Amino acid sequence: MALIAPSLLAADFLNLERDCQMVNESEADWFHLDVMDGLFVPNISFGLPVIEAIKRCATKTLDVHLMIEKPERYIKDFKAAGADVLTVHYEASTHLHRSLQAIKAEGMQAGVALNPHSSIELLKDTIQDIDLVCLMSVNPGFGGQSFIERTYDKIRSLKALISETGSATLIEIDGGVNSTNAPKLIEAGADVLVAGSFVFRSENPANTIRDLKKF
Ligand code: DX5
Ligand code: ZN
């Protein structure tokens, strides 16, 4: 059974409180919050004030995924806004090791996201410092894209690296997750599944979360 983290990028922003309550009352484990800067990714989503507002309503872990250039500039701000897990992109942080230490120094769990083109090998020297690896199973920037099948092999390589090094790192999968690929992702070694459009575009989001939780 994996942790389920609905992505609020697919929520109804005009009814954010209602959608937050739905996640609170559902079997979901975390809130996944996607921050985009229009530079690292072509899209702009939401930032600190929206996360602060969600924090006031959310009763579960806030998993904040930063798709921004030089994320180290904002580590303290995201802590203040309420982040519990803070994930930076490997491709966006030049001094990744320093960023991870800074995130932990603020008392947050430190995550690293890898774009589909980035190899697992790149994490060989930092894996023991990483609480969560977010494997992107779409190119970051937008919800509703289709899942990249190569992700299964990447999960298996990452799982092997984690066991070889005796790390306690969680594997999170982000992008195009649905009830068809979820069981296969979990079988390959995924610990956390992010799901945006599959949850929020469904007729009954709470039931969809419950179905994902069954695998
Ligand atoms: C994509 C984001 C994802 C997105 C997932 O850049 O990081 O978290 O919200 O959305 P779906 O599940 O619709 O692919
Ligand atoms: Zn995300």
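Visitor: Where does ligand 1 sit?
Guide: Ligand 1 sits in the largest pocket. Keep in mind that this is a predicted model.

Visitor: How much space lies in the largest pocket?
Guide: About 300 Å³. The lining has 25 residues, and Phe142, Gly143, Gly144, Asp174 and Gly175 are the closest to the pocket centre.

Visitor: What is the lining of the largest pocket like by class?
Guide: It has 12 nonpolar, 10 polar and three charged residues.

Visitor: Now the ligand. Which residues come nearest to ligand 1?
Guide: Asp34, Gly141, Asp174, Gly196 and Ser197, out of 20 residues around the ligand.

Visitor: And by class, what is in the shell around ligand 1?
Guide: There are 10 polar residues, eight nonpolar and two charged.

Visitor: Which element gives the most to the shell around ligand 1?
Guide: That is β2, with three residues. β2 covers 30-36. Strands β3 (61-67) and β8 (192-195) also supply at least two shell residues each.

Visitor: What about the backbone of glycine 141?
Guide: A backbone N or O atom of glycine 141 lies 2.8 Å from a ligand oxygen. For glycine 176, a backbone N or O atom is also 2.8 Å from an oxygen atom of ligand 1.

Visitor: Last one. How much of ligand 1 does the protein bury?
Guide: The protein buries 99% of the 380 Å² that ligand 1 exposes when taken alone.

Note on methods:
Residues are numbered from 1 along each chain as its sequence is written. Chains are lettered from A and ligands numbered from 1 in the order in which they are written. This is a predicted model: local features need pLDDT of at least 70, side-chain atom pairs count only at pLDDT 80 or more; totals for chains, interfaces and linings use all residues. Side-chain values use heavy atoms; hydrogens and water are left out. A residue is near a molecule or strand if one of its heavy atoms lies within 4 Å of it. A polar contact is a pair of N or O atoms within 3.5 Å; within protein, one must be able to donate a hydrogen and the other to accept it, and residues adjacent in sequence count only if both atoms are side-chain atoms. Accessible areas come from the Shrake-Rupley method with a 1.4 Å probe; for residues, only the protein chains shown count as cover. On a 1 Å grid over the protein atoms alone, a cavity is a set of points where a 1.4 Å probe fits but cannot get out, and a pocket is an open set with protein on both sides within 12 Å along at least five of seven lines; lining residues have an atom within 4 Å of a point. A molecule sits in a cavity or pocket if more than half of its atoms lie within 2 Å of its grid points. Helices (H or I, at least four residues) and strands (E, at least two) are DSSP runs, numbered from the N terminus. Ala, Val, Leu, Ile, Met, Phe, Trp, Tyr, Cys and Pro count as nonpolar, Asp, Glu, Lys and Arg as charged, and the others, Gly among them, as polar. Grid points are joined across faces, edges and corners, and a volume is the space filled by probe spheres set on the points.
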